[in-house]
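Student: I'd like a close look at a single part of this model, with its partners and then its surroundings. Could you take me through it step by step?

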Amino acid sequence: MHDLSWLVLVFRIFGVLVMVGAAVFVCWLLSGRKFPEQLSGATFGWLLLVLLWALGGWAFASRYALGLGAVTNLSDQFPWGIWKALVLCGISFAAGGFLTACMVYIFRIRAFYPILRPVVLAAYLGYMLSASGSLLVDLGRYHQIWRPIFFWQHHSVLFEVSWCVMLYTGVLSVEFAPILLDKLRWHRLANIVHKITVPFVICGVILSTLHQSSLGSLFLIVPNKLLPLWYTPLLPVLFFISAIVSGFAMAIFVSALSFWTFKRPLEPRVLTSLGKGMTPLLLVYLFLRIVDLTVRNAWIYIFENPLQGAMFTIEMLLLTLPLFVVLRTKWSGRRRWAFAAAIPVLIGVILNRLNVAWIGLLPSTGANYFPSWIEIVVVLNLVSFGVVIFGLAARYLPLFEHHDPDAHHSPAPTSAPSHGAASHPA
Amino acid sequence: MISRRRFLQAGATGTLTVLGASRLLASEKLAAADQTAVLVDLTRCIGCRACENACRVRAGFDGLPSASIGYGPGDGQLTFRTRTFIEPVNCGGKHNQPIKRQCMHCLEPACVSVCPVAALEKTKTGPVVYHEHLCIGCRYCILACPFNVPKYEWDNALMPRVGKCDFCADRQAKGQSPACVAACPTGSLKSGKRAALLQEAKSRLSALPKRYAALYGEDVVGGTTWLYLTDTNPLELGFPKGLPSSPLPRLTWEAIAKLPFVVIGVGLILSVIVRWRTRKQPCTT
């Protein structure tokens, strides 16, 4: 065997150069194509992005050149790591997309029209990057990712998940298409898309219901491996409800951040009504968790396993925190409070997914898994891709145009301007 | 050719499932009683590792170094290359009990049920085999296996494989016994039909109640085709704790089987809401 380490090094340097080039190009685009002059404003941010993507280039090149064993801390004792956990988190946050689409196209709640496009885009990116992107690094045979299309095994939850993700990505494309078509001014095609949107949204809700719960069903097969703090026959139900809760939180987070960052007016009502939708579901979720743990007599495991007990406690505290915000403010119209309630929910759901896919599996498997720096850098890179693409879309696409499913492309505004029309950009 | 036939077969199965007909593939399999099985009588095992050596040679890897008693690096555990090995288990400080480890070839295997592309297959006569060309490398089988059997070729960057005992399915097809069974000098391993071996195990148990403590594999996770006669509580011999006696795939199937109802229910409810909401606020288009 020849020593091929020099080739790996060349490949890694190539990866770093490509990613640094991409980062500089993206910075130039994001700064409105006035890169050198406008750099000073956010130098630190740009430098951070270039550095992160440079590390990412090294990480991706290493993974594809050397394989999973060389770059990750995965092992036969612990075959699923934080890349799989990223899939769980990303997809659960992307529930914001189907929720908002459902409220706009099916319930026709006007208050949510202005946030439809940003939230759907964020969901789209969540799917593309956390599901497809993460799997493209995580699968041992990433080049065979298409196989579930042709080779069916209907007893597998993973098979169901992969089909739902594929189909739902298609649905999100249809929901996202108007943004692109508006930009390109292809009005005829936009009208066709508009006509098929409602059935697609219904399919989207069905698919989301199925695979948000299926992500929980993935772990039903390991009753002896997952700690009883998290293992329960209710896993699919709990994953579904917490996905909706995190979807609301994600809708609050994305719309608040994007409207504030890009200085668009956003009616406070939007955020507070999202918060109002989130709270009862959060209560249902916590109620189910507590009843379930009590019925199965699983509380003792908090004390038996210190690390798991601590993680469980933090998770539950984070998910309870928003309720205090509600008690204090009664949603008195301050959107800051809605934002403050969304953040602990998002972190709590991330922790929940990490606990199910990682922390809760440690005691039984005897593994000592902690992600390698390459695993962490890859996760940060995938997330940064999402943020960057969102930023580009906000700059170059009509992301904040008022979207009205009732009167598409008709110049005359519809009635009832009191609802949400204030967010129409001038 | 094969892949096309599989595709059509799988397509037909998938469609039927959605319509409510499940377990089509299960009906093709032999009944549990007629599947090939192995009875491991641990009281007869002397820990010579002849089975381990025979397995390596048959799988195409180097055999054990001659006259080797100790374990070298990478030995002493199941790995991608080691599909069976003899584990010396110190139970209660009593003695070092040699225990043969390999795939248990469950009657309803979790690994087969979780594989999204049917790369793992429970064959008609009993062996659980791995079809390398179908695998996508998701490693769900490794996570799902209650006995921690499937192992991964972690150092392969392009086409990593899953390594597990395939019960010498090729030898069985030719009417031969598995390589490890053929190599066993003490009669600790015995292959045959599962029902016959169960009966034999039980008669040994009742004939010599002082020699034997338990029979393992009859009903754990719905039953395995590898059966163990032990002189100690099996859970002290490193067999996993907390396993149910019902097959693990049923836990997920209960969730998957609700899929058609969710589709129809959610679809109906949403359609009704759409009709209701659009009637109140008529569409302009």
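Tutor: Gladly; let's start with a term we will need: two strands pair if DSSP finds at least two bridges between them. Strands (E, at least two residues) and helices (H or I, at least four residues) are themselves DSSP runs, numbered from the N terminus. Residues are counted from 1 along each chain as its sequence is written, while chains are lettered from A and ligands numbered from 1 in the order in which they are written. What you see is a predicted model, in which local features need pLDDT of at least 70 and side-chain atom pairs count only at pLDDT 80 or more, whereas totals for chains, interfaces and linings use all residues.

The part to look at is strand E10 of chain B, residues 226-230. On one side, E10(B) pairs with strand E1 (residues 36-41) of chain B in the parallel sense, over four bridges. B:Val38 has B:Trp226 as its bridge partner in E10(B). Strand E9 (residues 214-216) of chain B is joined to E10(B) by three bridges, and these two run antiparallel. There, B:Tyr216 stands opposite B:Tyr228.

Now for how covered the strand is. A residue is buried if 20 or more other C-beta atoms lie within 10 Å of its own, exposed if 12 or fewer and partly exposed in between, with C-beta atoms placed from the backbone. In E10(B), five of five residues are buried. The cover extends to both faces: B:Trp226, B:Tyr228 and B:Thr230 lie on one side, with B:Leu227 and B:Leu229 on the other.

Beyond its neighbours within four places in sequence, B:Cys111 is in contact with B:Leu120, B:Val128, B:Cys141, B:Ala144, B:Cys145 and B:Pro150. Two loops of chain B deserve a glance as well. B:His105, in the loop between strand E3 (95-101) and H3, has a positive phi of about 50° although it is not a glycine. B:His105 counts as buried because 27 other C-beta atoms lie within 10 Å. B:Asn148 belongs to the loop between H4 and E6 and also has a positive phi, near 55°, without being a glycine. B:Asn148 has 18 C-beta neighbours inside 10 Å, so it counts as partly exposed.

Where the chains meet, the contact takes 59 residues from chain B and 50 residues from chain A. Several elements give two or more residues to the chain B side, including helix H3 (110-114), helix H4 (140-144) and helix H9 (259-280). The largest share, ten residues, comes from H9(B). By class, this side has 39 nonpolar residues (Ala, Val, Leu, Ile, Met, Phe, Trp, Tyr, Cys and Pro), six charged ones (Asp, Glu, Lys and Arg) and 14 polar ones (the others, Gly among them).

Stepping back, chain B has nine helices and ten strands, and 39% of its 285 residues count as buried. Chain A, by comparison, has 17 helices and zero strands, with 50% of its 426 residues buried.

Finally, a word on confidence. pLDDT is the predictor's confidence in each residue, from 0 to 100. Chain B has a mean pLDDT of 85, with 83% of its residues at 70 or more. For the complex, the predictor gives an ipTM of 0.88 and a pTM of 0.88. Over residues 14-27 of chain B, however, pLDDT stays under 50, and the model has eleven contacts beyond four places in sequence for that stretch. Where pLDDT is low, the predicted coordinates should not be read in detail.

Technical notes
Contact = placed C-beta atoms within 7 Å.
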